[in-house]
2 protein chains.
Amino acid sequence: MANDYKTSKGQVFDRDTFESWNKRKNFYWQSFEPYGATKGLFDYGIAEPLEYEILNIWRDHFVRSEKMISLKTSMLTPYKVLKTSGHVDKFADFMCKDPKSGEILRTDHLIKDVIETRLKGDREARGEKVEEVDDPKKKKKASKVAKTAVKLDDAVIKEYEHLLATLDDCQQEDFANIIKKHDIRNPTTGNEVEPPVPVNLMFQTEIGASGKEPAFLRPETAQAQFLAFPKLVEMTGGRLPFASACIGYSFRNELSPRSGLLRVREFLMAEIEHFVDPEGGKKHPKFSRVRDIKLPLLARDVQQAGGSTPTEMTVGEAVDKKVIDNETLGYFLVRIMQFMQKIGIDMSKLRFRQHMENEMAHYAADCWDCELLNSYGWTECVGCADRSAFDLSVHQKATGVNLQIQETLPEPIKSTEWVAQLNKKNSGPRFKKEVGKVQSALDSLSQELREKLSITLKDEGKVEVDVPEMGKVELGNDLVKFEQETTTRTTREFIPNVIEPSFGIGRILYSLLEHVWWTREGDAARAVMSFKPSVAPTKVLVVPLQKDSRLTPTVQALEERLDEEAISYELDQSGVSIGKRYSRNDEAGIPFGITVDYESLEDNSFTLRDRDTTKQVRASLDDIVDAIHKMIKGKESWADVQKRLPVVEAKEEDK
Amino acid sequence: MANDYKTSKGQVFDRDTFESWNKRKNFYWQSFEPYGATKGLFDYGIAEPLEYEILNIWRDHFVRSEKMISLKTSMLTPYKVLKTSGHVDKFADFMCKDPKSGEILRTDHLIKDVIETRLKGDREARGEKVEEVDDPKKKKKASKVAKTAVKLDDAVIKEYEHLLATLDDCQQEDFANIIKKHDIRNPTTGNEVEPPVPVNLMFQTEIGASGKEPAFLRPETAQAQFLAFPKLVEMTGGRLPFASACIGYSFRNELSPRSGLLRVREFLMAEIEHFVDPEGGKKHPKFSRVRDIKLPLLARDVQQAGGSTPTEMTVGEAVDKKVIDNETLGYFLVRIMQFMQKIGIDMSKLRFRQHMENEMAHYAADCWDCELLNSYGWTECVGCADRSAFDLSVHQKATGVNLQIQETLPEPIKSTEWVAQLNKKNSGPRFKKEVGKVQSALDSLSQELREKLSITLKDEGKVEVDVPEMGKVELGNDLVKFEQETTTRTTREFIPNVIEPSFGIGRILYSLLEHVWWTREGDAARAVMSFKPSVAPTKVLVVPLQKDSRLTPTVQALEERLDEEAISYELDQSGVSIGKRYSRNDEAGIPFGITVDYESLEDNSFTLRDRDTTKQVRASLDDIVDAIHKMIKGKESWADVQKRLPVVEAKEEDK
């Protein structure tokens, strides 16, 4: 999969080239480099303003446009909250210890690495070409593999392949069996490893100095949003549906972080908790607006049959056919796709994959991941789950705080029920301390049985009831009474269900970097970052034609104008050729370049250059500023501007 | 101080009324309320979009406008980084343990509480009125105090007052002496407390599962910015001055959090590290633009003389007179003040207070706090310190990574120096292992002495030199040579100094809430939040005149238009009177209201209401949208709009 990954221009994507681009441009890097860098932690350089623009679009697309209540909640979270939510017990990975070296290995990674190495060795032994070995780095890797070149039986190969495919579903015992059966050892030492044990992935700390308040860094923002539910009800008047949204950091103490920005220990999430009435099919008021929009859906049954190609289907059809469980879930899948499109994700590298039954939490009704394709393969970037009423229910139970919605019924509902009631005066002396047990037994009788017993009591003057711990108890007319009671309900109380679109911002940002990255024809080292103007970290590059103090006043006036217009820009007045300067600019993804030349001095006109096409137009400063504003807002494209304003010959030959 | 605090309208500020406003409107609340709430941790409701707008202005005002490099850095920080920075050893508060109850008390709070109670008791005993006891809550407090009503000697009172005034400067030993001398005990138990010990205030955790990587949640964003220094040099070409900026969370494990949002355990900071050449007086290229702007300065010497009234002085004069140490520091004080003004801080409640010598870190050259007045008193909201070269120096020393700037000198510098050099051939056999000591002694001679010795050597054929551990050593022509050497330096290497403006966003936000909060005349329960349109969490309230389905299509069309324009709005179509709805709106601080009435159906005109004046204008939808955009951007005020568009009679009598 990863080897087939291509850029938007159809070029083979080489991750080493991509990484050396990042090293040159400082979009992001591992944190604390001078101290040897810490795995799984990253600092953002140019990626920071990029993230800011992505979040601005997210806020506008979801929070403002959908009238969500934006929350900020604490990262430090008390033990009891995460005990109730299940994270203390279940948020864990399995690890194996190498008892001799002390090394701690993530069990699934360990097994995968060892088995994959054996399969590669087998292919080598069979004389198959294992890898492209064009560059020396890879040659080195390949020669390491060659040392383990051992041919395997066909049956073993099949078993290994099956094992790799089902590794995600393994539990503790399965892992232990695999390690034993296939003699999985620490590949770096050759030592046997200890059996796998679960290790909780939350960072633990302590609030205050008393030693009494253990706490964790939250693994998700969701729990704090559920605990803010009473506030949300106050703020919305409790009229469903309503939603909260939270952009915030979560933490996961990965045992062995890999895959760069895709698996990190500290990460930004943007999570929505959309609260909906569980009755009435979870309809969404705006569903009719999106009904005809097509989604690339990889449904559960297709995956079960071994398929991996998504089907294009309108969300209306998908909900009608129950491919997607309900309107609200479908509505959000569309909105997620539209968001991805807005920030510039390549739509041919996006799909929605439904969770398999065993992938979902036991309480989830349905769950779809928005996956983006990058050089690591299809990557879960947004989870969109129907969490049912699970979280609110467990927190209500643990705290006694009412987390229900009280709804006035459109019409009061009358109902008639059989009530079985002990006679207080007589039953006290008769049963003493056990009176409660008897009443409980009566309360647990079905309506049918109560009716039957009322007839028996009338006919025979007594009934027999099974009471736990007491056996059969005889009750006469003096002790019990069966009556029909009519009650009227005017309100309905219920715990709402939650649809949760949960965005991993770092993964989306990384995928976007790969999606917009390509290289100019004929020069694989010259990268271009085709960010949309709206998300580009900086909007304009100002380039004086050459180092000449005569140009300075015009350059300064241009700078002042851009500052007034709040357009972010960089000034490149280094002595290198204009072609080189534009080339450096393209690598930073700045969409527009303004050249200040000798004509500018005379008539205050400038050339405006488009990063992707390298085409230029010439116009007055007012027209150029206007065009830039419109392109940043998405109201015009470069093609529109090129039609409106006079095109001039690009002067980049000197590169 | 706190009791004198007034609203912007000159009304006495009552914190209970303010807090009940917040409880009603849900701007913020203590985190994890259903689990009993956790002290020092807060969730933001309406304060979240408010914070977002404040940060947007901060970014535009500093990062974009000053061309700073925006960074995002990790909160999880390895032990060794914070060991080098000094936080492991010095980021601590003193605490005393009550050995019987196990309670842990912050020493300065403990002393303050006990002494203040005694002083109050004395005033009670002397028959003075201690507190206003209008409301039952306060009456209860007062009666508690009454129990301890004991008259004190005048000398004791003086000593207590001095003690309270100097408490901030106390060290461990001072605290211990005070506790002993004044018999300070745990006020809730009456028990003696153990002597004060320092408790580190960082939250500790562990990265990975090996137990080998202790880590902390960072106490400031600054350290990670210093460690990104090599990247900043790459990104800027190393041309000073340059600056990085980071908006991010820091943590402080307060022993006993107090004062609401002002002292919390998890808080957002916005920190700038501005790197500057230590030579040449730390000039700032844009200083001339701000030179004539006046600042309210409370300088060190005024404080030492017991003064607390700031002096208005232009920043130019302040730098010239060395009240402010240098231009760069002065420039940032102006920019900080301008930022505060932009977000709507009351300028009469802002001052810059210079740190006293003993307040500053030992390495700091100068430090000014921007303090905002709120009902808790003058509160440090921004620190602006000159950290000199301290941080980069210690990290360079600890890691061996070069954190210097290499500057090409405008002209090579030639220098001629006397060099004293041992003759290698002869000095080896003569001094054996001690040859190094002799050369070191020569190297430490002054230029003058070398010149003098060269003459002596020429005249007498030998010289005498003091060598540590060896005493006087005689050196002849065969052993030593004194020569003049000329060297040429083309570069200069140095560690830059750092000016650090560091913003506590939560404190600024809280002060802003108090600054914009006031109550309508005649109705102390009816609050108004006078946010500037640019920072207001929501911009527009849409109010249909009454519940009438005939208005619905026009309301929907209006909503669509506002969505298109990306103007955030709320719709209030509850059945209550229009006056009540506006009143609720004013408490949320929405600056503009659009009323949809029956005229709107006919001519698509609407009334636009201003929150602060309650005045209304009537105009076409286009004109209204245009006016709102201009007022949000700060290009027009309500007064301007009222002049342009026809004013109509307000219809709020029915409130």
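Where is the place of Ser101(A)? The first legend takes up this residue, after a note on conventions.

The model is predicted, so that local features need pLDDT of at least 70 and side-chain atom pairs count only at pLDDT 80 or more, whereas totals for chains, interfaces and linings use all residues. Residues are numbered from 1 along each chain as its sequence is written, chains are lettered from A and ligands numbered from 1 in the order in which they are written, and side-chain values use heavy atoms, with hydrogens and water left out.

**View 1. Ser101(A) lies in the loop between β5 (92-97) and β6 (104-106) of chain A.** Helices (H or I, at least four residues) and strands (E, at least two) are DSSP runs, numbered from the N terminus. Ser101(A) is partly exposed, with a relative accessible area of 37%, where buried means under 20%, exposed over 50% and partly exposed in between, for a 1.4 Å probe and protein chains only. When neighbours within four places in sequence are left aside, Ser101(A) is in contact with Asn186(A), Thr189(A) and Asn191(A), contact being defined as heavy atoms within 4.5 Å. The C-alpha atom of Ser101(A) is separated by 9.9 Å from that of Val193(A), a residue 92 residues apart from it along the chain.

**View 2. Strand β9 (residues 214-217) of chain A pairs in the antiparallel sense with strand β4 (residues 76-78) of chain A over 3 bridges.** Two strands pair if DSSP finds at least two bridges between them. Strand β8 (residues 204-206) of chain A is also joined to β9(A) by 3 bridges, and these two run antiparallel. Ala215(A) of β9(A) stands opposite Pro78(A), and Ala215(A) stands opposite Thr205(A) as well.

**View 3. Cys381(A) has its place in strand β16 (residues 377-388) of chain A.** Cys381(A) counts as buried because its relative accessibility is 3%. Not counting residues up to four places away in sequence, Cys381(A) touches Cys370(A), Leu372(A), Ser502(A), Phe503(A), Gly504(A), Arg507(A), Ile508(A) and Ser511(A). In UniProt, an unreviewed entry lists residues 202-533 of chain A for "domain: Aminoacyl-transfer RNA synthetases class-II family profile"; UniProt positions are given in the numbering used here, feature names are shortened, and annotations may be inferred rather than shown by experiment. Over residues 202-533, chain A is 30% helix and 37% strand, with the end C-alpha atoms 38 Å apart.

View 4. Asp391(A) is buried, with a relative accessible area of 2%, and, leaving aside neighbours within four places in sequence, Asp391(A) is in contact with Gln223(A) and Phe226(A). Asp586(A) is likewise buried, with a relative accessible area of 0%. With neighbours within four places in sequence again left aside, the contacts of Asp586(A) are Arg520(A), Arg526(A), Ala527(A), Val528(A), Met529(A), Arg609(A) and Arg611(A).

**View 5. In chain B, an open sheet of 9 strands has mixed pairing and the order β3-β10-β11-β21-β16-β15-β14-β12-β13.** The edges are held by β3 (69-71) and β13 (311-314) of chain B, each with a single partner strand, so one side of each is left without a neighbour in the sheet. Neighbouring strands of this sheet are turned by 30 degrees against each other on average, direction ignored; axes are lines fitted to C-alpha atoms, for helices over the stretch in contact, and angles run from 0 to 180 degrees between N-to-C directions. Within chain B, strands β14 (residues 350-354) and β15 (residues 366-374) pair in the antiparallel sense over 5 bridges, and the bridge partner of Arg351(B) in β15(B) is Glu371(B).

View 6. Strand β28 (residues 616-620) of chain B pairs with β29(B) in the antiparallel sense over 2 bridges, with Val617(B) opposite Val647(B) in β29(B).
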